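Thanks for making time this morning; I would like to walk you through one structure, beginning with a space inside it and ending with the strands. Please have a look at it first.

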Amino acid sequence: MKKKLTVKEILACKGKEKLAEVYTHDAREAEACELAGIQMIISSENNDTKSIRSAAQDTFLTIGLSYGKYFSEYDILKRAFTLYESGADAIYCPQSDKFIKAIADEGIPVIGHTGFIPYKSTFFGGFKAFGKTAFEAKKIYDQTLILQEAGAFAAEIEIVPFKVGEYISKNVNIFMIGMGSGQGCDAQYLFSEDILGYNEGHIPRHAKVYTSLSEDYARIKAKSVDAYKKFRSEVDNGIYPGNNHDIKINEQEFEKFVMATSRKI
């Protein structure tokens, strides 16, 4: 029987065992990840996290907070407690180290972010790799140390040169979750839409497609549209609902009902 990892066990894997993490949007993806043996999943607070938790009870679940939604340590801590008490095993905090410290100080496992950060892409010159110069690589390393000092037990490190990702992972104590940052990271992280092949937008260089659900989804959509058309047609033509769908009432009871309403009129 699969046993859900604890933070202590995740940290014990550092330098010894590589873990896999997947971003899941819903309960179906979460359940499939658990059945596949994925050790860690992550989702957004904007998704149905309760159903995701229920579908993958034996998988380490991180819930990500929305960037820019919380403007004080009190607000972000209140939300973190709510998510933690509802089943999250860790909180992903995309905001500055003072917010991460507020969460960590209360004993809630928290994960930060370093390397390329999508919601701060303007500072990186757009959506592209970061850390190709010594200055940039040192900045990532320093940021990782700040997250470590703030109390994060792990950090996502995104789209940095593989040598930089490996060096930082080996020279910090926190667990480094790599996305497009090479095999030297402590874990590898991908989004479900890339793994499952239904990403309709830009497919990142680091992503790998393992199947093609987009074709299956197209067939499901076509079958769904056809079923909806048939339903509307039957409604328009008085076919649905049929007699077999009707709930019956005893004729005498119906007559009593009619009489009762007629007296009121």
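Predicted model: local features only at pLDDT ≥ 70, side-chain atom pairs only at ≥ 80, totals over all residues.

Let me start with α3, which gives the most to the lining of the largest cavity, with three residues; helices here are DSSP runs of H or I with at least four residues, strands are runs of E with at least two, and both are numbered from the N terminus. Residues are numbered from 1 along each chain as its sequence is written, and side-chain values use heavy atoms, with hydrogens and water left out.

A cavity is a set of points on a 1 Å grid over the protein atoms alone where a 1.4 Å probe fits but cannot get out, and its lining residues have an atom within 4 Å of a point. The search of the whole structure finds one cavity of 30 Å³ or more, and about 50 Å³ of space lies in the largest cavity, a volume being the space filled by probe spheres set on the points, which are joined across faces, edges and corners. Its lining includes T49, K50, R53, L61 and I63, and both α3 (49–55) and β3 (60–64) supply at least two residues of that lining.

Turning to the strands, β2 (residues 40–44) pairs with β3 in the parallel sense over five bridges, where pairing requires at least two DSSP bridges. Within that pair, L61 of β3 is the bridge partner of I41, and L61 also lines the largest cavity. Finally, eight strands close into a barrel, in the order β1-β2-β3-β4-β5-β6-β7-β8, with parallel pairing.

How values were computed
1 Å grid on protein atoms, 1.4 Å probe; cavity = no way out; pocket = protein on both sides within 12 Å on 5 of 7 lines; lining within 4 Å.
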